[in-house]
Each structure stands twice: as structure tokens, then as C-alpha cells.
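Student: I have a model open and I'd like to learn how to read it. Could you take me through it one feature at a time?

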Protein chains: 2
Amino acid sequence: MEEHVSPQADSEPTEVFLRACWRLPVDHTPVWFMRQAGRYMAEYRAIRERYSLLEIIAQPDLAVEVTLQPVQSLGVDAAIVFKDILLPLIPMGIDLEYVKDKGPVIHNPVRTIQDISALRPIVPEDDLSNVMETIQILRQELPAAVPLIGFAGAPFTIASYMIEGGSSRHYLVTKSLMYSDPNTWHKLMDKIAQMTADYLVAQINAGAQVVQLFDSWVGALSPDDYRQYVLPHSTVVLKAASETGVPVIHFGTATATLLKAMHQAGGSVIGLDWRIMLDQAWDHLGHDVAVQGNLDPALLLAPMPVLEQRVVKILEQARGRPGHIFNLGHGVLPQTDVESVRAVVEIVHAYELHAASNGEA
Amino acid sequence: MEEHVSPQADSEPTEVFLRACWRLPVDHTPVWFMRQAGRYMAEYRAIRERYSLLEIIAQPDLAVEVTLQPVQSLGVDAAIVFKDILLPLIPMGIDLEYVKDKGPVIHNPVRTIQDISALRPIVPEDDLSNVMETIQILRQELPAAVPLIGFAGAPFTIASYMIEGGSSRHYLVTKSLMYSDPNTWHKLMDKIAQMTADYLVAQINAGAQVVQLFDSWVGALSPDDYRQYVLPHSTVVLKAASETGVPVIHFGTATATLLKAMHQAGGSVIGLDWRIMLDQAWDHLGHDVAVQGNLDPALLLAPMPVLEQRVVKILEQARGRPGHIFNLGHGVLPQTDVESVRAVVEIVHAYELHAASNGEA
């Protein structure tokens, strides 16, 4: 895929995270964490005592502060702009509420052609101008070596929230719509995909140096369903983002049997969860793509020797090949001790890549 | 594995379900459904209006009636004794309650060596005599062509309920115990495995002709964790059950990357969920084992043409090879229309196996 080739040699990036995204040699494996800004951090909890999630996101100075917390505290190789995947639904006309101990609740779920027609088309630069402003400020405040990641929810994951009216266990309303009214399904997915493509491109134009597409819940689908109902729409989004020239990370959980199709949909980096061995996944995908992952977030609650052993095991599986970004298989859990997260950064940064590649490659 | 060989030719079973378990040729693919007795059936709801889940299980005449409902209504090829995987926890001293709209709640979770020591060893024949009586009656009442399946929860799945105190999303308390105190973890798993082995053997002695081990939630683990913390204990259970000479079904969900290790742990049949293509899973496992599955339960809510197409696609993937039992990838959902379940039985039974094997094998 042409849009996935690495940049010309004369414009090779120097940032280790960007280099790894393009599978260029690096002197250490870059590491960042999904939900690296969050409740496990005292600095974050202090802000959350005074402001709601949406209040933080709405105020660029607060969103910037929260985004910078893990960069300063952990020494990670990338920042990710603080916001939520459901944010663009609000200007689209979705009545979204974050309910304590329950998560997002949508009071007007989208289930019919009429519901879809009622969704307001958005102009991300205007309707989500606070996100764009946050990105612009972050690009000024972040150290040059720490690139900024923008992101969006992928069409399936966003559609599942819209249709179910919140989180779900079996995605039964979503799957029923998919199976019983594919025309309505594809209309909704088209609309979400177009919005998401515009949204990612707007984030890139505002300064995001990488974007990640979160298809967090797509692992609920069979490979057949993924190819038929999801792949064409994710492809639209990933193509639009990739054509800007920035690296694109394509992530999901429980995707062991969907990886090839996800790679086909697009992305210069495929995000893996812990249910698959990193080396097996990479061999299966082929080495023309970078991989990100894949420590079980629960391992951050393990004693240090167990945690260290598992981090090293993942690094060993990457075998010093260019194109591995260390991350968890999903977000940092609120119960996590920040010292464990910091230790992972240190272990990853201290790991000798060249010894690994000489010894095993 | 010696215990997995099919019975001597002079003792070959005639029941199509048992034949498929032993990978013997059959004239149609056998089909049954996990949770085939349940809330989607009017007959079951009528009984549940008057009795709780535990009341039905405690009274063999009621448990027999509920077990027989889908056999009479659907024409399935196997019956599964009506009970719950958490049942043996009650005589072990677990304070278990089924809370409406929430599921099982354990008021005294098991998290320390002291908690484990306090678990009462059980004698299934005595402590779960109502289950054994239900099995004995069912063997008299079931048509000869419809074998009876006994079952138990697998050590990991049972341990996760005991430790978390109920259902879980991230299995964080479970994994934390596993990682931080492997000695305690293995002690608990030893105790559950021994209980489960005894319980399955008791069900077989009472008349169960097949047993299924449900490791429903094991797909939350990485392959490394499965091998280190689970496999040895599941092996104990599966070996004890297999040595009785009956077929043993080993089932889990989201297990695409665990299948080889699950096969190594044991079972004459591996249960698959819909996240993996049946043919790919079977090729990956090797054809020295039977497979069961693997329709997404959500497809029972699809329009008939979609449902039929997907059922046939699974049958086509089995290619008429001996050793496929049709089932869902998990239990029938309460929202299901019984007519759809009945249609699946008809489609599976009408499918011409020999055409498939001649055409494609």
C-alpha cells in the first residue's frame, strides 16, 4: 500500500516513536500507554476532583495539563491528546452522559434511518475546535522528542455505542441491526466513517503527528462479519488519515483472528492485545507493518519481578526488529500503581535492542 | 493420547452425537445448543415464574422436566442436564446468591490460604445427590438416540467467580492473585480441579454419556498465563473424566490463541466460539480431535436467510469430515425466538454430508 511507505531518507524523522512507526532503526524501543493520563495518577485525580471529564476536554488549558502529566511523570516516548472517543457524537446531536460507575450512556440511541438522518454533519475544526486548540498548544509545549498522537474511535466501536446506547456485553442490538437491516447499518457506518476521516485529518492538520484508530470492541465479531460489515468503512477512515503522510495505528482487542483483515483495512502500525503472542502476530501479519503492544494491563498489578520478566519477554519476541512500539494490550487500569508504569518505561528503555537482533534475528 | 481413542469397533455407539464425538462417520451432523433449556422458551419461563433457578435444580422432577423441554421442542441430538456451573460451590461453603439482572454474587470470596483451607471437601454423590438423581431419571426418560451430557465449570472459570465474588470484566483480582501469590493460586486451583474431577466422574457414574468442561472466561488470559496457571489443572480434570471412557468436550470463548494448549490439556472434542473460522481452527488443532461449534448466538436474532446462510457456511467448513458437532459459540440468548433455534436444527439435519465430503474433502 503506497501510503504506508516510509518517508524519503532525506526527511527521515529523528523522534524514536515516529521512526518505529515507519520501521526505521532506533536505539531503544519507544513506549507509551493507552490511558496513560488517567485515574491511576494522583495529579489527574486532583484535577478530576474539581472538573468532570467533559469539562477537562472542553478547556484546552486543562486538557493540555492532563496530557502532559504522564509525559513529565513517566518519561514516555509519545503524548496522546486527552479526550474521549465519544466526543464527536455530541455535536452530531447525541445526548451523551458519563454516569459514575457505569460509563457512557446515550439517551437517544441511533437505530433507524430516521435516527441516522437526524445526525448532524459536523465540521471538526469548528464543532471540536477545543480539541484542535489543545493539539496546537500541545505541539508548542511538548518536548521536540515527544510526538503527539491524535485519535478517534473506529466506525464499528462508535456505532456500537450509538446503537446500544452505551457499553455492551453481547452487542446484540448492534448485531441485530447489522444482520436484519444491512442497508441501515451501512448508512450509519458511512456517516460515522466520513465524520471520523474528517476528524482525524483535522487533528493531523492541527498538529497531531500520528493518529490511532481505536476499534476496541471489534473482537466481538466473527471474521466474516468483520469483512462484510466493518472492513470497508474502517478502510475509508484509515485511507484518509494515511494520505496525509502521518503514521496511523490501527488498534483493537480480542482481534487474533481479525488481524489480517485489519491490516488490509489499513494502518502503518497494528495494535495488538495480550491474547496473542507478539511474535506470532507479527509473523502472521507480515513484517511490512509495525506492531504496537502488548502487555496485559493486569500485569501492572503484578510484583516487580513478574512484571519485568513479562516486559522483557515481549521485547525478546520483537527480536530487535525495527517497527515495535511497546504498549499495553489495552488501557492502564485505575487500580495501577504509577511506580509500576514508570518501571516499565525504564525496562523498555534499558533493553539492548542490538544484542537481541544480533543474538536472534 | 490413549484415553482419546475411539471405542473398539464391536462397541461402536449408534447414537449420532456419540459417534461424532468419536469422529465416527454419521448420516447427519448432530446438533445441540448450550443453554438450550432457558428463558427463550415459554415452557421454561412458565416454570421459572414459580421456582427459582436453585429450586429447579434442587428438585429432580423439575430439573428433568426442564432438561427435556428442548429435546421435545427442538429435536436436538443431545440433552444437557439442567443445572449451573456454580452449583458445587454451595456445599463447599460458598455463600452464593443469584441476583436478578446481575447474575451470581458470592458473599464470601476466596482470596487467601485461610479462605481456601475453609473450603469444605465435597463428596459429589452425597453433596450433589439431587444432580445425580436428575441424571438417573433422565437416562430412563430420554429417547435412546439422545445421549445425556453432564458438565462442570473448569478450574479457571470457577476460580474467577470465587475470587472476584461474581462475574467480572477484567478479572483483575483473579490475575493479581495469580501473579502475586502463585502458591495460593495453585492451591486453590488444585482444590477446584480435584473437586471438579470427582464431580464429573460422579455424573458419568450416574449415567452422563458425555461431559463438557466449561472454561467460558479463560479467553481473558494470554497464552503464557494459560500454560503456566491453568493448563496443569484443567489437565487433571480432563484426564479423570476421559479415563472413564466417555467423550469429553473442552469449551471456552475467545480462545483462538489458546486452542493448541487447550487440546494439549485434553478433551476428545474442542468447543469453538464464532471468533475463529471453524475450518481454520480444526486445521490448527489437527484432525485427531473433534470440534463443536460455532455459530454466533446473535445470529439466532437474524432474519432466516442470513441465519441459514451462516449455518450452511459452518457445515461447509466442516467439509463432511467425521467429528463435527453443530452448536453455538456460546449459550442461547434470552432474546432468541425459539423458531430460529428450531430452524437451525432442521437446516443441520437436512444438510447432505456426503455431497460435502465428495465435493470438497
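Tutor: Let's start where the chains meet. 100% of the interface residues of chain B are also interface residues in chain A, so the copies meet through the same surface; contact here means heavy atoms within 4.5 Å. Before going on, some ground rules: this is a predicted model, where local features need pLDDT of at least 70 and side-chain atom pairs count only at pLDDT 80 or more, while totals for chains, interfaces and linings use all residues. Residues are numbered from 1 along each chain as its sequence is written, chains are lettered from A and ligands numbered from 1 in the order in which they are written, and side-chain values use heavy atoms, with hydrogens and water left out.

Student: By what rotation and shift does chain B superpose on chain A?

Tutor: In general, two copies of a chain are related by a rotation about an axis and a shift along it. Here, chain B goes onto chain A with a rotation of 180° and 0.0 Å of shift along the axis, at an RMSD of 0.0 Å.

Student: How much area do chain B and chain A bury between them?

Tutor: The size of an interface is often given as the accessible area lost when the parts come together. For this pair it is about 2900 Å², 56% of it on carbon and sulfur atoms (accessible area with a 1.4 Å probe, summed over both parts). On the chain B side, Leu172(B), Tyr179(B) and Arg275(B) lose the most area to chain A, together 21% of what that side buries. By contact, 34 residues come from chain B and 34 residues from chain A.

Student: How many salt bridges are there between chain B and chain A?

Tutor: Six, taking a salt bridge as a side-chain nitrogen of Lys or Arg within 4 Å of a carboxyl oxygen of Asp or Glu. One to click on is Lys313(B) with Asp224(A), at 3.0 Å from N to O. On the side of chain B that touches chain A, helix H9 (172–180), helix H11 (223–242) and helix H14 (304–318) of chain B each supply at least two residues. Helices are DSSP runs of H or I with at least four residues, strands are runs of E with at least two, and both are numbered from the N terminus.

Student: Now the sheet. In what order do the strands of chain A lie?

Tutor: Strands of a sheet pair through backbone hydrogen bonds, either parallel or antiparallel. In chain A, seven strands form an open sheet with parallel pairing, ordered S1-S4-S5-S6-S7-S8-S9; two strands pair if DSSP finds at least two bridges between them. Strand S1 (79–80) and strand S9 (324–328) of chain A are at the edges with a single partner strand each, so one side of each has no neighbour in the sheet. Five bridges join S8 (residues 290–295) to S9(A), and Asn294(A) has Asn327(A) as its bridge partner there.

Key
Buried area = accessible area lost by both parts, 1.4 Å probe. Least-squares fit on C-alpha atoms with pLDDT ≥ 70 in both.
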